[in-house]
Amino acid sequence: MLIDSTLREGAQAYGVYFEPGARRRLAGILARAGVDEIECGWLGQAGLPEFLRWARANLPALAQGGPALSVWCPCREADVRQAARLGVDRLNIGAPSSAAHREKRLGLSLAGMCERVGLVVSAARTEGLPFISVGLEDASRAALPEALTVARAALRAGAARIRLSDTVGVLTPLKTARLVETFVRELAAPLAFHGHNDLGMATANAVTALECGAGFVDVSALGLGERAGIAALEEVAAWLALRVSSVTVGQAAAAPAYDVPALRELCRVAAQAARVPLARNKAVAGEDVFATESGLHVHGLLRDPALFEPFAPEAVGATRRVGVGAKSGGAAVGAAVDAALSRLRRPPRSAAGVGESVRERVDERLMDRVRLLAGRLGRPLTDSELLGVL
């Protein structure tokens, strides 16, 4: 279901160079997390044959429940013959489907494009490649009948999967739904979706594609890829594992299909290897996605975490953090003081210095001191700083 393209699309991002050790570490985490397919790179990529030899020797094989290993190549007979020598499980062939791409890049008419696709897929079959996927590049801007014509030519020649590409990220979820539903209805073959994030909708479009019948979607760690990247692996995997859209407050989520906590580790490794910052508020993987300070939210969390959290932090390998500062209310301050006293192993006391708990004894003077200090520091208070204003 999830085709991870961190090592192909992610490695094509501007200024990103994954060293051999980073490639192996990323692939190991991906296999452990349970992704269905690892797109290991593109034909001609430096170090790809060596990486594939390592992957076949060290990752669980497809027959034993491991990920399929695939590579990408352009729509040329010589390239698929070269790709066949790599010994991959799947080959992903890129084929321009819009008139602009096929005419300006290849100088081909629709009939010429279909002929080339047929010849290339047939060559791949002759070379013994076990699974051939044809990606319709720029499908989001192609005339729908023409894109379907190219897809049918690929299937007639023996392709096992069609991949729709929103090459420049112009689709919206509604348009994605219509596109995917049409291809699912018209083609008797598995469908994949590759969505770029130029307008910030890649994850939403990927989820929509799955909801509308696509069997596969392309993703990468942190959404790394050309320009603004593609759908983020950690976001789509979390949605699949937790089915957030289908649960209500307090209701248990479905059993995870992917090891989402492992993907948080993957994101840290990918960020380091790609030398890109991991935003603290990044969905699923960010350090602060379960951190809160504002009074209303903290008050709700103290009553029931599900009131303000879509799923438990443990489900994605995160921890909850409640900060106390200029935006906090009395309940939050009282709870934080109790927690700080417990963590620092100091005896409980109230703001007046007596009693078992301060949670119900926070007064305005204490609140003013907390807010003043937090405002001056420009951040929530540490345990020691909080206890220092009592």
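User: Is His101 buried or exposed?
Analyst: His101 is buried, because its relative accessible area is 16% (buried is under 20%, exposed over 50% and partly exposed in between, with a 1.4 Å probe and protein chains only). This is a predicted model, in which local features need pLDDT of at least 70 and side-chain atom pairs count only at pLDDT 80 or more, while totals for chains, interfaces and linings use all residues. Residues are numbered from 1 along each chain as its sequence is written, and side-chain values use heavy atoms, with hydrogens and water left out.

User: Which helix is His101 found in, and what does its side chain make a polar contact with?
Analyst: His101 is found in helix 4, residues 99–106 (helices are DSSP runs of H or I with at least four residues, strands are E runs of at least two, and both are numbered from the N terminus). The side chain of His101 makes a polar contact with that of Arg105 at 2.9 Å; such a contact is a pair of N or O atoms within 3.5 Å, where within protein one must be able to donate a hydrogen and the other to accept it, and residues adjacent in sequence count only if both atoms are side-chain atoms.

User: And which residues does His101 touch, not counting those up to four places away in sequence?
Analyst: With that exclusion, His101 touches Pro96, Leu106, Asp138, Arg141 and Thr167, where contact means heavy atoms within 4.5 Å.

User: Zooming out, how many helices and strands has the protein chain?
Analyst: The protein chain has 14 helices and 10 strands, and buried residues make up 51% of its 390 residues. Among contacts between residues at least 6 apart in sequence, 69% join residues at least 24 apart.

User: OK, helix packing. At what angle do helix 1 and helix 2 pack?
Analyst: Helix 1 (residues 20–33) and helix 2 (residues 48–58) pack at about 40°, with their axes 11 Å apart. Axes here are lines fitted to C-alpha atoms, for helices over the stretch in contact, and angles run from 0 to 180 degrees between N-to-C directions. The contact is made by Arg23, Arg24 and Ala27 of helix 1 and by Leu48, Phe51 and Trp54 of helix 2.

User: Which residues of helix 7 and helix 8 meet?
Analyst: Pro173, Thr176, Ala177 and Val180 in helix 7 meet Ala204, Asn205, Thr208 and Ala209 in helix 8. The axes of helix 7 (residues 173–186) and helix 8 (residues 202–211) come within 9 Å and cross at roughly 35°.

User: How do the axes of helix 8 and helix 9 cross?
Analyst: The axes of helix 8 and helix 9 come within 9 Å, at a crossing angle of roughly 40°. On the helix 8 side the contact is made by Thr203, Ala206, Val207, Leu210 and Glu211, and on the helix 9 side by Glu235, Val236, Trp239 and Leu240.

User: Changing topic, what is phi of Leu222, and where is Leu222 found?
Analyst: Leu222 has a positive phi of about 60° although it is not a glycine, and Leu222 is found in the loop between strand 8 (216–219) and helix 9 (233–242). Leu222 is also buried, with a relative accessible area of 17%.

User: And what about phi of Val284?
Analyst: Val284 is a residue other than glycine with a positive phi, near 70°, and Val284 lies in the loop between helix 10 (260–274) and strand 9 (291–292). Val284 counts as buried, at 11% relative accessibility.
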